[in-house]
Amino acid sequence: MPRPILRLDDHYDDGEFEGGDLGTASSVLSSIYSSSSNASSSSSPQTPKKGFALPALRKHVSRRKSSLDQLQIPSPSSPDLTSTKIAKLGRPQLTRSATLPKVPHLQNRSDKLRAELEALEVNSALLEKIRRWILGIAIVNFDIDEGPMVDGVFPPLVLFPKESENIAFSSFPDSLQFDQGFQIHSFRIRGEKIAVSSEKRPANIDEFIYGFSYFTQKRDSSLKRGYEQRSVVILTSHPYPAFFTVILSIFGPMFQEHGTPMLEAACHNMAMWPDPTPGTLLEIGFLGTVLQVEIPHSGDDAQQIRATISKKNNFDPKLHILASAPPFNPPPILLFEASLSHLWSIWECVVLCEPILLFGASPAQTSQAAWWFRDLLRPIPLAGDIRPYFTIHDTDHTLLINKLPPKPGLILGVTNPYFNRSCSHWPHILSLGRYIPPNTATKTSSTTATPGPPPGWTTKLHKRYISKDRALLKQLEDACRGSEQQKIEASLALRLHFCSRTNELLIPLTRYLHTLIPTPTEIAQIERNMGKGDASTKSSLRLKPFHSANFFVSLKSHGSTLPFRSSSKRLEFYERWLKTPAFGLWLAQQETIVQDVLHDNVGRKF
């Protein structure tokens with residue numbers, strides 16, 4: 001039966017508790033709650049009374065206080081609170097939140113959910129199939145005493161305490177978003193390294209866990225806060241933002257309406273999906289919806305819409321999904337409306353591994369923008385860290401947010417104004433949203449205003465190297481005032497434009513690398529030596545060393561298809577790019593590809 005709510009100020013005058021001893025008061029409360037619970041255990045359930053008869057209560061308090069005073073228990077603020085005197089009483093050391101009355105309604109609701117999740121069963125064969133796609137689906141509720149807490153995960157998944165706390169806080173927005181409604185966002189957190197797979201926790205693909213959260217808030221007068229706040233979170237090792245965003249948009253509302261039976265149904269659907277084989281086009285069914293999903297060849301594969309699909313007539317980002325692409329709903333150009341003319345500078349900062357702080361009004365905004373920039377970097381490998389939504393509770397907070405210069409390639413999505421102060425030394429800040437004229441800033445609604453700096457692009461160091469595409473910029477500006485379809489088409493055009501520019505950036509480097517591949521004459525000589533038993537010469541089947549001076553000679557001779565503002569700007573840009581960690585990863589990737597091809601060709605002859 002729920003505990004009665006006791007307010008001491010309703011029954012006592014000032015001075016009734018001499019010395020304000022909370023240790024004594026908590027003992028009194030414990031005794032009262034205990035006697036109340038025993039007295040009511042045999043009666044039928046009914047609404048508890050809010051208080052007790054005042055004379056009896058005063059007599060009870062006086063008797064309890066007199067006996068406890070003899071024990072000389074110090075106040076909790078006393079430095080002697082943890083002394084051996086208290087230990088002799090055998091009282092457990094509790095946090096203040098643990099000594100306060102809980103909210104029975106919420107406690108019972110969370111307990112019920114945990115019991116329902118524990119009752120769900122999944123056999124080993126089914127679990128293995130589900131784990132091809134996801135680690136599990138976590139249910140996170142807001143506890144009035146503890147904050148966001150993971151109530152359970154299905155299929156069962158072992159989470160370390162820091163992981164659980166990180167998931168809980170990352171699945172909730174850290175600012176008020178709406179009175180009632182829902183929101184989908186994503187995050188990337190550091191997980192524990194797991195070397196050996198088990199049913200309770202598979203081995204890591206990498207050390208990060210990707211979370212895709214469906215957050216809801218609705219009024220509930222039975223709760224102390226007046227609202228129920230809950231997040232349903234898909235945990236996975238696959239960085240497929242477009243795919244899992246669509247999955248959540250289908251599953252989230254159904255779970256809110258039907259509860260755990262829908263959770264079980266969703267996981268059974270996932271077990272029926274084909275393997276996420278790289279480079280395949282899959283048709284999958286999910287809770288009554290049929291989706292076409294394109295799986296990338298690799299994490300650095302820039303996925304494009306297939307030629308058989310007309311962007312204007314047939315492409316629907318909700319049904320035809322480029323798994324690793326950023327979500328297209330809402331149209332991404334709305335995120336950058338205040339910075340459209342600066343997008344070419346922002347792209348340069350992304351490929352040059354410059355750290356960028358993303359401010360947004362919501363986690364949905366920052367996570368969509370972060371995935372957008374990751375997508376524009378392809379096929380260049382991700383050399384830095386990307387956090388679509390980052391909170392002050394993240395376990396990597398002190399590692400990423402400090403007085404030192406930010407790490408190269410770090411893209412950090414935040415919504416808390418705290419970061420505006422703690423990251424004031426960052427070289428580049430992009431505040432998302434629509435442009436707000438100065439004279440209307442105070443009238444702007446919460447859907448367009450950001451909690452940090454006003455929407456726009458701020459840079460302390462960067463000077464643009466390449467020319468803008470004026471025709472595309474005009475299309476983007478017109479689309480922001482046009483229909484939803486125009487916004488989607490403009491977003492697709494913008495994505496294609498910058499993906500093309502990233503590929504154009506690599507053309508001079510690829511041209512130079514071709515001169516480093518062993519010639520047919522050199523390969524033939526290596527094969528003759530191997531035929532004579534000299535296996536050591538096989539190590540020569542690789543790219544020759546990369547020399548920057550020779551590359552710049554080639555660049556000067558052949559130029560670049562990128563529209564640089566001048567030849568000196570072109571030289572400066574490539575000098576900077578060759579010093580980035582992204583170039584090192586890309587070059588190592590090319591060396592591996594060439595070496596594998598050469599070894600395969602020679603291996604067929606021996």
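Reader: Which residues are linked in a network of salt bridges?

Author: The model is predicted, so local features need pLDDT of at least 70 and side-chain atom pairs count only at pLDDT 80 or more, while totals for chains, interfaces and linings use all residues. Residues are numbered from 1 along each chain as its sequence is written, and side-chain values use heavy atoms, with hydrogens and water left out. A salt bridge is a side-chain nitrogen of Lys or Arg within 4 Å of a carboxyl oxygen of Asp or Glu. The network links Arg188, Arg190, Glu207, Asp385, Arg387, Asp394 and Asp396.

Reader: Which parts does the pair of arginine 188 and aspartate 385 tie together, and how many residues apart are they in sequence?

Author: The two side chains form a salt bridge of 2.6 Å, N to O. Helices (H or I, at least four residues) and strands (E, at least two) are DSSP runs, numbered from the N terminus. Arginine 188 belongs to strand E3 and aspartate 385 to the loop between H11 and strand E10 (386-387), so the parts tied together are 197 residues apart.

Reader: Is arginine 188 buried or exposed?

Author: Buried means under 20% relative accessible area, exposed over 50%, and partly exposed in between (1.4 Å probe, protein chains only). Aspartate 385 is buried at 14%. Arginine 188 has a relative accessible area of 7% and is therefore buried.

Reader: Which strands stand at the edges of the sheet?

Author: Two strands pair if DSSP finds at least two bridges between them. Five strands form an open, antiparallel sheet in the order E2-E1-E5-E4-E3. Each edge strand has a single partner, so one side of each lacks a neighbour in the sheet; these are E2 (147-154) and E3 (181-190).

Reader: At what angle does helix H11 run to E3?

Author: Contact means heavy atoms within 4.5 Å. Axes are lines fitted to C-alpha atoms, for helices over the stretch in contact, and angles run from 0 to 180 degrees between N-to-C directions. Helix H11 (residues 363-377) lies across E3 and strand E4 (208-219), and its angle to E3 is about 50°.

Reader: How many residues apart in sequence are the parts tied together by aspartate 275 and arginine 132?

Author: Their side chains meet in a salt bridge of 2.5 Å, N to O. Aspartate 275 is in the loop between helix H9 (260-271) and strand E6 (281-286), and arginine 132 in the loop between helix H6 (124-130) and E1, so the separation is 143 residues.
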